[in-house]
Amino acid sequence: MREGETRMAYDDRIEAIRKEEFPMLRDSIYLDHAGTTLYPKSLMDSFAAEMMANLLGNPHSASASSQCTTLRIENIRHRVLRFFQADPAEFDLIFVANATAGIKLVNDAFRGFPEGFDYRYHQACHTSLIGVRQEARHSLCLDSGDVDEWVKGRHFEGKTDPHPRPTLFAYPAQSNMDGRRYPLRWCHQLRKTNLDATCPVYTLLDAAAYAATSPLDLSNAETAPDFTVLSFYKIFGFPDLGGLIVKRNTASIFKQRRYFGGGTVDMVVCSREQWHAPKTQSLHEALEDGTLPIHNIIALGLALEAHQKLYGSMADVASHTSFLTREMHQGLERLRHSNGEPVCVMYSASPGDANTSLGSGPVLAFNLRSAPGAWISLAEFEKLAVLKLFHVRTGGVCNPGGIAAALRLEPWEMKQNFSAGFRCGNENDIINGKPTGVIRVSLGAMSTLSDVEKFIAFIEEFYREDYHPPPVPYPEPVIEYNTPDLVVSTIMVYPIKSCGGFRIPADTPWAVRPEGLAWDREWCLVHHGTGLALSQKRYPQMALIRPLIDFSAGQLKVTYRAPLPSTKLTEISIPLSINPDLFKPTDEPNIIESRVCGEGVSTMIYKSSDISTFFSNILGVSCTLARFPPGGSGKSMRHAKAHLQSYQARSTAQSNTQGQLGIHTPPDSDSESEQRRILLSNESPILAITLSSLAVLNRNIMKNGGSPVCAEAFRANVIIGPPPALATSPEASAYSEDHWDMLRIGVHDFKMLGACRRCHMVCINQETATKGEEPFITLAKTRRFNGKVFFGVHMCHMPMIAPNTKDTQCPTISVGDKVMVDPI
């Protein structure tokens, strides 16, 4: 059988077992095997059967169950060493929680040297390896060229301390960021080059990423690393367990380790003298502190069997994932915008790159660019990927050196980004024209060609642009200013952040405050343990928590519109008044600061157990209600973040008017915008949408076979449209709100603050709490600017400059109020 036919036959075999062995996949495409691979059903079934069939005791005993466990563990230890071709006479295996725990164990030994140790690490190291530098007397980050020079005998300058001490060199066998592989021969070459017994060089190999899909061969103890760390869940999916493989001739290093615990000692004296005798029969006995994770180790033995049965040898896995990686790389690399520019900027080496003789693992790192060359936000990419059921990793992937090299970020730039507020996981991922992270897709033993093809098709569908005409056309605004043909169709407030809305009755004037509409997002649900404000994105059933403001009773009445056990409350009332007796004291020592949109705020936490129980029962998570009333200061006050977007060009008439006073430019950062107060809304005091824009959006959704979405999906406060009796074509004014500068609603003026950036929370049906793909998918195709998706506009009230009247003292708006655009 030819090579291509063999690969396809193997792929077909994996495809055939997926439905039965990986039912958790359903329609998902899992491409994050570098994080952890997936566990097969047959492994979990055999583990459950094993647990029910055998009595396993703590190994630190002489009982039959204890001795059975001890024997099983030692047999599995031997099998694992053989799995990596490691001779048990030359190597020992220490079971640890994960690869990081193995690294810390080596670190503990080296920091015990009285004279300390020097540390050198490759720039492609995971943060777990970089952290060792904090314990070293001297540390140095090297690239591959530096290591090759070191191997040739080069001495690095800059170290003035004359005291001889050992050196530890750490590097990955394979980068967890881009899959690049590094020479295993470095271990032996450095050992040969540095023969000074007073300054020995030891090597620590991070094989966690490499061993996941490739055979790790430790058969030659002469050339093997001194220490090798592994993560078994990256190879087998289960159990959650790591390993540290140590060459026995370096075991003396661990005599420097100070800590001992559990069964690692033969004798301890702790009264008038302090003395202990470590175990010496085997290295692992002296290093495995406390009771071993016995059930995980038993599962590891079963995982070895299941892996071989499903996939054959590790060489078979390596061949399969290499084939898929080449197809993925070539497919992404081939994608071009209509102007010829690449869609993907690849950071992983091409499979045919002559400069990577060692090849690359099944990990691809890249970023996306628009046809004109703008970077696509990673946060925006993930929103789409989540909706389309792709599981990938984005960001810095715990590899700062690799990220800095790939993105050409200098240390000063990274520090500057940090000072500007960038943190791991936040959405501000393009700073000063450069991305701060990457998209990483990684393949595993159960990946198939279908996964690869679907991901390439996804990138092509949403990110390949036909540059002529522009990729996201929108009609020029044609609304005639001062037109009386727009009115307020609906007014909504959302008293509890991320919960259901309260529709303002048509005959009720509603107060407008500096922070927004009265009673809008004044409460939130916070997690008891973390203080984080809960969101529909994580808990969709929050949409079914419906508040009703009852002014006659002076209460916020909250109901839940879904079945609950008969013993559970389905309604609760909260006083609208701010009675200090209802809240926990703010100076209570154990009170946790609340966090809203990543921002620390000082909220008032209700102390009623009934309130906590009501919401906790609904969401299935320990939480309580908090209040953030207007008029606060310090952390009891928040400010709007909304600002005009670069695509929101003003109309000619407006530009001419503004040109008389000076050139108008949208602010580049929040600091350029006036500080406007908000309560618990994400970005601005008031959010508005128009029915004409919604109609055009729904028409586009239905063109693709989808169902129209309701205005409530966008959780706007003010919905604007034509009077019910006036029929107009929505195309005439769709998205004209992008270019409005001011609105007059009734007699009150509102300033537009910029377009609303959307996430996939708009895909949650506010009546059923179910989540779909729309409208975000269609918005991503029709309303994406600079890689971000927008719908609706932010605005704030502009106080009247007039003598004291009822309207100036207490501004209100009502359903049916006329709306004038950019009144003169």
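I started with Phe381 and Tyr463, and both are buried; buried means under 20% relative accessible area, exposed over 50%, and partly exposed in between, with a 1.4 Å probe and protein chains only. Housekeeping before I go on: this is a predicted model, where local features need pLDDT of at least 70, side-chain atom pairs count only at pLDDT 80 or more, and totals for chains, interfaces and linings use all residues. Residues are numbered from 1 along each chain as its sequence is written, and side-chain values use heavy atoms, with hydrogens and water left out.

**Aromatic pairs**

I counted 32 aromatic pairs in the structure. Rings of Phe, Tyr and Trp (its six-membered ring) pair if their centres lie within 6.5 Å; planes under 30 degrees apart are stacked, over 60 edge-to-face, and the rest tilted.

I looked up Phe110 and Tyr202: the pair is edge-to-face, with 5.5 Å centre to centre and 75° between the planes. Phe110 sits in helix 4 (residues 99-110) and Tyr202 in strand 6 (residues 201-206), so this pair ties together parts 92 residues apart in sequence. Helices (H or I, at least four residues) and strands (E, at least two) are DSSP runs, numbered from the N terminus. Phe110 and Tyr202 are both buried.

Back to Phe381 and Tyr463: their ring centres are 5.9 Å apart and their planes at 45°, so I log the pair as tilted. Phe381 belongs to helix 12 (residues 378-387) and Tyr463 to helix 15 (residues 449-463), so to speak 82 residues apart, and the pair links distant parts of the chain. I also found Phe381 and Tyr463 in one aromatic cluster with Phe366, Phe390, Phe455, Phe458 and Phe462.

**Arg676**

Where is Arg676 found? I traced Arg676 to the loop between helix 17 (652-659) and strand 31 (677-678). Its relative accessible area is 12%, so Arg676 is buried. Leaving aside neighbours within four places in sequence, I get contacts (heavy atoms within 4.5 Å) from Arg676 to Arg638, His639, Ala640, Lys751, Leu753 and Cys796.

**Whole chain**

I get 20 helices and 39 strands for the protein. Of its 824 residues, 51% count as buried. Among contacts between residues at least 6 apart in sequence, 73% join residues at least 24 apart. The C-alpha atoms fill a box of roughly 90 × 65 × 60 Å along the principal axes.
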